[in-house]
Amino acid sequence: MSITPPSAPTGSVRSADGTTIGYRPAGQGPGVVLVHGGGQASQNLMTLARALSDRFTVYVPDRRGRGMSGPCSEDHGVRKEVEDLDALLGQIGAHNVFGLSVGAVIGIEAAMSLPAITRLALYEPPLEFDGVTQTSWLPRYEREMAAGRLAAALVTIMKGTADRTALRLMPRFRLVGALSLAIHLTEGKPLPAGVVSPRDLIPAMHYDARTVLDAAGPLDRFAGLSCEVLLLGGSKSAQNLTAATDGLSAVLPHARRVTLPRAGHTAPDNGGKPELVAAELRAFFS
């Protein structure tokens, strides 16, 4: 995923437990909140934010454990994430939410209890249900993190969450070697202001996995959603992710479903196809 230095303006809000949640605003118009996924920070959705900023005021928070926001606590889970989003929505008065991956899990869980959310766009939430698992990579990742093997842990994440591409077939040792060198070469080098190092995002996946596991359960619990819903995904995305989106389509028959051609799970990221995502969000939130 590519990183674009974020725009200068920032803001912050205090969550229910006092944790600071920092965010980046852009544009003018009705408010839209973009909630990033795992292995990301607000910086990863700034191209998408700028693409929407001609029509909306876009707010991109750093989720806990990243950048401008406070650390994750030992009891971290989906409840904390929903509280953080609730605090931000209350401060800015926005009613439109987009979530990518784990951010989409947070978005749909928040919409169950927050009437402030009237329009919800979800890009492939990694929901676990009916034997569909999204976290099979977690035990190996945890062992590698405990051993201080950051590059190996990152490869485990990449292999476990990759699209239907050649990455799944590439030998682990080659990926680990290349990433070990990259981590070594970038260690200690300064980054642009406000940019979170990819090295620092690897440990955050522990908490993203906990959020996903915390939200596991039958999808029919979402049948009572009263907000408008847009379900987005990519034609190259892995089967476990398309299964979750398919399941939500069945539970939410009035939701609009869009599959982006030649796009994968990280299409909203700066280095994906954010222009395709922006076109769908612009129409849905207008």
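Select Thr156 first: setting aside neighbours within four places in sequence, Thr156 is in contact (heavy atoms within 4.5 Å) with Trp137, Arg140, Tyr141, Glu144 and Arg172. The structure is a predicted model, in which local features need pLDDT of at least 70, side-chain atom pairs count only at pLDDT 80 or more, and totals for chains, interfaces and linings use all residues. Residues are numbered from 1 along each chain as its sequence is written, and side-chain values use heavy atoms, with hydrogens and water left out.

Thr156 lies in helix 5; helices (H or I, at least four residues) and strands (E, at least two) are DSSP runs, numbered from the N terminus. Thr156 is buried, with a relative accessible area of 3%. Buried means under 20% relative accessible area, exposed over 50%, and partly exposed in between (1.4 Å probe, protein chains only).

Thr165 is partly exposed, with a relative accessible area of 35%.

**Ser237**

Select Ser237, in the loop between strand 7 (228-234) and helix 9 (239-251). Is Ser237 buried or exposed? Ser237 is buried, because its relative accessible area is 1%. The side chains of Ser237 and Glu124 are joined by a polar contact of 2.5 Å. A polar contact is a pair of N or O atoms within 3.5 Å; within protein, one must be able to donate a hydrogen and the other to accept it, and residues adjacent in sequence count only if both atoms are side-chain atoms. Beyond neighbours within four places in sequence, the residues in contact with Ser237 include Asp163, Arg164 and His265.

**The nonpolar cores**

Now select Val33, Leu85 and Ile117, which have the most contacts inside the largest nonpolar core, a set of 42 residues. A nonpolar core is a set of buried Ala, Val, Leu, Ile, Met, Phe, Trp, Tyr and Cys residues joined through side-chain atoms within 4.5 Å. Among the elements that each supply at least two residues of this core are strand 3 (31-35), helix 2 (78-92) and helix 3 (102-111). A second, separate core of 25 residues includes Leu34, Leu45, Phe56 and Phe285.

**Helix 3**

Colour helix 3: 10 of its 10 residues are buried, so helix 3 is largely enclosed by the rest of the structure. These buried residues pack against strand 3, helix 2, strand 5 (96-100), strand 6, helix 8 (205-214) and helix 9.

**The cavity and a pocket**

On a 1 Å grid over the protein atoms alone, a cavity is a set of points where a 1.4 Å probe fits but cannot get out, and a pocket is an open set with protein on both sides within 12 Å along at least five of seven lines; lining residues have an atom within 4 Å of a point. The largest cavity has a volume of about 90 Å³, where grid points are joined across faces, edges and corners and a volume is the space filled by probe spheres set on the points. Helix 2 gives the most to the lining of this cavity, with 4 residues. Residues to select in the lining include Ile21, Asp62, Arg63 and Leu88.

Finish at the second largest pocket, with a volume of about 160 Å³. Of its 13 lining residues, Cys227, Val229, Leu252, His254 and Ala255 lie nearest its centre.
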